[in-house]
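Keep the structure in view as you read.

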Amino acid sequence: MRRHFHQLIAGFISGVALLCPMIVCADDTETLLRTADHYIIPAYQLLAESTGQLQDQAQAFCETPSDQTLQSLRAAFNDAMDDWQSIQHIRFGPVEFLLRGPRFQLWPDKRGSVGKHLARLLESADPAALEPRRFARGSVAVQGFSALERLLFSQQTSIKQFDTSDAGRFRCAVLVTIAHNLAHMAGGIVSDWNNNVDAFRQVFASAATGNAYYENSREPLSNLLNNLHTQLQFIVEQKLDRPLGSSVARANGRRAESWRSSRSLRNIQLNLQSLQSLYQVTFVGGITDPELTSRIADSFDQASQRLTQIPTPLHEAVTKPEARQTVMDLRTQISQLQGLFAGPVPQALDLSLGFNSLDGD
């Protein structure tokens, strides 16, 4: 059975806790390298593996379109999306290079760019547009998971769309090209972190003495804390508030992330698990107040419990009064958790959150 990121990191945390309870007793450089080696890089390695498998399944489906190969391709999509959601919160470093972040997933898509650009690409039927380098330099709207989800999970999706007609063959070529692009970007991030002379891991290792990115080791730690807090805000304001609207009448389930594949709540679950792991690997040892650590642990647990109480897919739950209230309870719980990482945690760690990339969205 495939092991997901949160299972791997849970094993690491348990192992370290036996030697050094709560992962204490490390200087900044040791903490940063531990985070890189046992959290960030493994997450991107899993993403590279799953997007590689997604590429293989896309190719296999297009060679022999069938209900069975479509089911396998959808499963590969979900595996890769799991791995992306587990590292979606990291917003600095190699994922920023070449605009990889929005190319992996353009969401929220408030202007409907994904649908418009994907339709335009399919209508063009231009094989030259799918040449890997040209495709990677084109519209970010068609390059990642959002476009792929439309191809695989729309109500209109059927085997007939991928038949031997010119239109069917080109649709399959688009599908394979997107999967290849995802795998290429994920592999590039792994290489940029770990496999070349200028590896970003070395940026972490040398932060204490200063380098081109950081003046000191506190800056990358602040980046990590900022990303943790920002993702909690992202969950509240984008993944929950947008589909909830201000009332049942104003709710719009189609504003939920990944609503077509009915994995909106799965995304949030993985976000929370990975954020809790980041906190445990990187920050918990720097907090000396047992009451604060207890509040944080309880808040993560309560948010996870609230999430499991939502009985239907998120895009349906927001329009049903009883289920909607449970979604709002989840929103309140995550907002409270965000509050801990907005004030008490930075203060306890003597770190600044700095610039919030969501400001102005």
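Helix 10 and helix 11 cross in a left-handed way (the near helix is turned anticlockwise from the far one by less than a right angle; clockwise would be right-handed). Helices here are DSSP runs of H or I with at least four residues, numbered from the N terminus. This is a predicted model, in which local features need pLDDT of at least 70 and side-chain atom pairs count only at pLDDT 80 or more, while totals for chains, interfaces and linings use all residues. Residues are numbered from 1 along each chain as its sequence is written, and side-chain values use heavy atoms, leaving out hydrogens and water.

Helix 11 covers residues 264–283, and its axis lies 11 Å from that of helix 10, at an angle of about 160°. Axes are lines fitted to C-alpha atoms over the stretch in contact, and angles run from 0 to 180 degrees between N-to-C directions. The angle therefore makes helix 10 roughly antiparallel to helix 11 (over 145 degrees).

Which residues meet? Among them are Leu-221, Leu-224 and Gln-231 in helix 10, and Asn-267, Ile-268 and Tyr-279 in helix 11. Contact means heavy atoms within 4.5 Å. By class, this contact of helix 10 with helix 11 has 13 nonpolar, 4 polar and 1 charged residues (Ala, Val, Leu, Ile, Met, Phe, Trp, Tyr, Cys and Pro are nonpolar, Asp, Glu, Lys and Arg charged, and the others, Gly among them, polar).

Now turn to helix 14 (residues 321–342), which packs with helix 10 (residues 218–244) at about 160°, their axes 9 Å apart. Their crossing is left-handed.

Definitions and conventions:
Helix = DSSP H or I, 4+ residues; strand = E, 2+ residues; numbered from the N terminus. Parallel < 35°, antiparallel > 145°, perpendicular 65-115°, else oblique.
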